[in-house]
Amino acid sequence: MKYYEIEIDVSELGIEPVLASLICEGIDTAEVNDPADASFMNEQLGETDYLAPEDFDRERNKNPSIIVYAVADEEADNTINAVKKAVKIVRDNVEKGFFGTCADLGSLEVAVNIRDDEEWKDRWKEFLKPASLGYSFVATPPWIDMSEYDCEFDDREVIRINPGMAFGTGLHETTSLSADFLETYIHEGDKVLDVGCGTGILSIVASKLGASEVLGIDIDDEAVAASIENSEANEVHNVVIKKADLTEGVDFKADIVVANLLTNLVIRLTGDIRNHLDSGGRYIMSGILTTQQDKVVAALKENGFEMLAVAVLGEWCAIAAELI
């Protein structure tokens with residue numbers, strides 16, 4: 001299917017006036033690319049799996065833009081003309097001084113490009129390959145023929161993860177580190193709480209390592225749906241996935257809590273996590289940049305945890321601790 005990508009060049013100041021003008025012309029759906037969002041995420045949540053420091057720098061240096069999409073059909077011209085009209089109104093108002101003297105709302109140039117979704121919708125799949133996970137598993141997307149990789153992974157159990165376009169399959173360093181520690185510290189029959197379960201991959205690993213009961217929780221609907229789908233596909237029947245916030249109404253006592261999150265979330269949730277562990281319970285956390293390790297260690301000590309180990313892979317680290 002072909003579609004039009006109608007991009008408007010704006011400044012940060014120009015985003016709201018242009019959006020308002022678009023709404024007045026009947027266009028109420030648009031994609032906003034604002035580099036200020038990266039700064040907000042950095043300040044509020046810290047570095048993430050998706051935006052490491054260099055990625056934040058790149059995002060902050062991008063020019064703001066607004067993109068409207070239109071299916072390439074008989075209605076497309078109407079949408080394109082409506083966008084151009086909305087932008088012209090804003091440009092005229094700038095010239096009239098409605099936004100103040102010398103207000104910079106950006107160039108307000110409109111670029112129209114036709115795209116074909118067949119060109120890109122499945123291209124991301126080409127870059128996902130099987131990857132070792134922990135010491136005993138290999139994570140792979142379901143469309144991969146594993147017979148092509150027999151020599152490389154023949155001694156590992158296959159876990160098939162359908163990531164959708166929003167999640168990973170276990171290829172990220174933080175997931176790999178978490179799986180390593182799970183395999184190191186889990187005991188047969190342990191109860192496991194997976195906080196921020198994402199695709200459910202760590203819940204599945206915990207089940208296959210002998211956990212008696214696994215609860216995976218996430219606040220994102222897509223993550224919950226993906227985790228349920230992947231748990232069923234891998235036939236782990238002692239895994240329960242729920243949409244839930246750890247700080248509100250989760251009544252589950254675990255022997256191990258695993259949290260592959262963001263640095264600031266790991267720190268923020270450490271006090272709540274201790275409520276889900278008895279003395280001797282193990283806490284595995286990842287999604288932590290090595291530059292943020294000391295902050296996490298300090299939070300663990302403040303909440304009665306004793307360090308067990310730290311593992312580093314690239315710029316990421318995972319920490320295993322025990323509740324005293």
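Which residue forms a salt bridge with Lys88? The legends below start there.

**View 1. Lys88 pairs with Asp92 in a salt bridge.** This is a predicted model, where local features need pLDDT of at least 70, side-chain atom pairs count only at pLDDT 80 or more, and totals for chains, interfaces and linings use all residues. Residues are numbered from 1 along each chain as its sequence is written, and side-chain values use heavy atoms, with hydrogens and water left out. The closest N and O atoms of Lys88 and Asp92 are 2.9 Å apart (a salt bridge puts a side-chain nitrogen of Lys or Arg within 4 Å of a carboxyl oxygen of Asp or Glu). Both sit in helix 4 (residues 76–95), 4 residues apart, so about one helical turn separates them (helices are DSSP runs of H or I, at least four residues, and strands are runs of E, at least two, numbered from the N terminus).

**View 2. Arg115 meets Glu5 in a salt bridge.** Here the N to O distance is 3.1 Å. Arg115 belongs to strand 4 (residues 110–116) and Glu5 to strand 1 (residues 2–9), so the pair ties together parts 110 residues apart in sequence. Glu5 is buried at 13% relative accessibility, while Arg115 is partly exposed at 33% (buried is under 20% relative accessible area, exposed over 50%, partly exposed in between, with a 1.4 Å probe and protein chains only).

**View 3. Ile186 and its contacts.** Neighbours within four places in sequence aside, Ile186 touches Val192, Ala206, Leu209, Ala211, Ile256 and Arg282 (contact means heavy atoms within 4.5 Å).
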